[in-house]
Amino acid sequence: MDRRRFLGSAVAGVVGSTLLSCGGGGGDDSTVTTTEPPASTAPVIPSPTIKSRVIVIGGGMGGATVAKYLRLWGDAISVTLVERMPTYTSNIMSSLVLTGQRTMSSLSFSYDTLRSKYGIATVFGEVVGIDPVSVKVTLADGTVLTADRIVLAPGISFDDVPGLGTSDKMPHAWQAGPQTALLASQLNAMPSGGVMILTIPKTPYRCPPGPYERACLLADWLKINKPGSKLIVLDANPGIVIEVDNFTNAFTGLYGSVIEYHVNTEVISVDPNAMTLITTAGNFHGEVINLIPRQRAAPLLAVAGLNNATEGRFGRVNVLNYASTVAGAEKVHIIGDASATTQPKAGHIANQEAKVCADAISRILSGGSPDPAPVTNSACYSTITMSQASWLHALFQYDPGTADMKAVAAASGASTGWDVENFEDMETWFNALMGDSFG
């Protein structure tokens, strides 16, 4: 697949939804196959008669999208979105903040359109409890919300790193926000000829190509802004986990004099004062350390007893409707990074899972059944330099044999190398994705 076809399919997969069947509350036979975007430009007028209620917890890529499409496709479904923060900051493109190519404000998205255009109610607060059986949500202020269905899109949390404590000397910057700005300031203060360390956690983690992309981007920045500096990449995995050819070529060729890459290197503990990592491959010291810990679903999943996959890290779901597989919790759906499926944990996939989930819930609440053959699309770009990018694309279909999603080899692939045009197209893809989720 060439670059233009990739961009077209990636954008179409966002705004047109790669669902082969968009239910809109219909039964199993309500199939829509179209290359045109759904008619989502007109405001959704709240129905005077509410037939059902859904609470969505988490306003990231998955939560915002599922809330929007429940209103677009559902039959008089009232949707309440519960989120801690009044705005969302995109993790996608946030590494460009480290190189000074983007601002944090350029990655900020509000929920105004979801409220005004789609009639979604927003509640800003902390969820402290979920009752899957009674379908109730309890907030920190004591408020109790009830619904017919709950959708959990709480994102990720990080394992504690022995020795780190509350120190901010080794920021992960893997959730865009204050740590992103902190890491950027540390990089700017690093002397030329210094050493930076970036750690890559064991899979699964958010955005599989992300750490390798960040390594390439920062290596390019170091070459220009901090000559003579070294970037040590400590990978807890046996090797590069995705887009192997492009990242290998970049690490060994383009940045062979900058990047020092170590595999099977797990962080055991850290000493923030000495700026030292104690690992399975020895000790490493750096002036700047981007420590990305191993990841799991946000704590809310464990509190609700829904973390039944990946050593208790994530929640197993039925990918036909993203309902939890925990007995008695069938009315709770888990999407995005918190769910355990064969699909990658990434913003584009969260958007796609949200649409499958919204379609399924709309059908179920109208007396129907979920689409028996959902399809999702994953696309992303990787900044190999500060002005050039590669791309990666995968299509997933439901596999009855494994009851999970399976990548379609003929519809998946990566670019051969990287170029300026891909970097420019990355902006088009990003704007389409964010517009589909929040616009």
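How many bridges pair strand β11 with β17, and in the parallel or the antiparallel sense? The structure is a predicted model in which local features need pLDDT of at least 70 and side-chain atom pairs count only at pLDDT 80 or more, whereas totals for chains, interfaces and linings use all residues. Residues are numbered from 1 along each chain as its sequence is written, and side-chain values use heavy atoms, with hydrogens and water left out.

Strand β11 (residues 195-200) and β17 are paired in the parallel sense over three bridges, where two strands pair if DSSP finds at least two bridges between them, and where strands (E, at least two residues) and helices (H or I, at least four residues) are DSSP runs numbered from the N terminus. Within this pairing, I197 has I289 in β17 as its bridge partner. Both strands belong to an open sheet of four strands with parallel pairing, in the order β13-β12-β11-β17. The edges are formed by β13 (259-262) and β17 (288-290), each of which has a single partner strand, so one side of each is left without a neighbour in the sheet. From one strand to the next the twist averages 15 degrees, with axes taken as lines fitted to C-alpha atoms (for helices over the stretch in contact) and angles running from 0 to 180 degrees between N-to-C directions.

The loop between β13 and β14 holds T265, which is buried with a relative accessible area of 2% (buried meaning under 20%, exposed over 50% and partly exposed in between, for a 1.4 Å probe and protein chains only). The side chain of T265 reaches the backbone oxygen of V263 at 2.9 Å. When residues up to four places away in sequence are not counted, T265 touches L234, D235, A236, T279, T280, A281 and F284, contact being defined as heavy atoms within 4.5 Å. Among these residues, T279 in β15 also stands opposite V267. Strands β14 (residues 267-271) and β15 (residues 276-279) run antiparallel and are joined by four bridges; their hairpin has four residues between the strands, and M275 takes a positive phi near 50 degrees.

Aromatic pairing was assigned to rings of Phe, Tyr and Trp (its six-membered ring) with centres within 6.5 Å, planes under 30 degrees apart counting as stacked, over 60 as edge-to-face and the rest as tilted. By this rule the count comes to ten aromatic pairs. The pair of F109 and F430 is edge-to-face, because the ring centres lie 6.2 Å apart and the planes stand at 65 degrees. Since F109 lies in strand β4 (residues 108-110) and F430 in helix α10 (residues 420-438), this pair ties together parts that are 321 residues apart in sequence. F109 counts as buried at 19% relative accessibility, and F430 is buried at 1%.

A tilted pair is formed by Y381 and W429, at 5.7 Å centre to centre and with 55 degrees between the planes. This pair links distant parts of the chain, with Y381 in strand β23 (residues 375-383) and W429 in helix α10, 48 residues apart. Y381 is buried with a relative accessible area of 4%, and W429 likewise counts as buried at 3%. Ring pairs also link F109 and F430 with Y88, Y111, F124 and F438 into a cluster.

Definitions and conventions:
A polar contact is a pair of N or O atoms within 3.5 Å; within protein, one must be able to donate a hydrogen and the other to accept it, and residues adjacent in sequence count only if both atoms are side-chain atoms.
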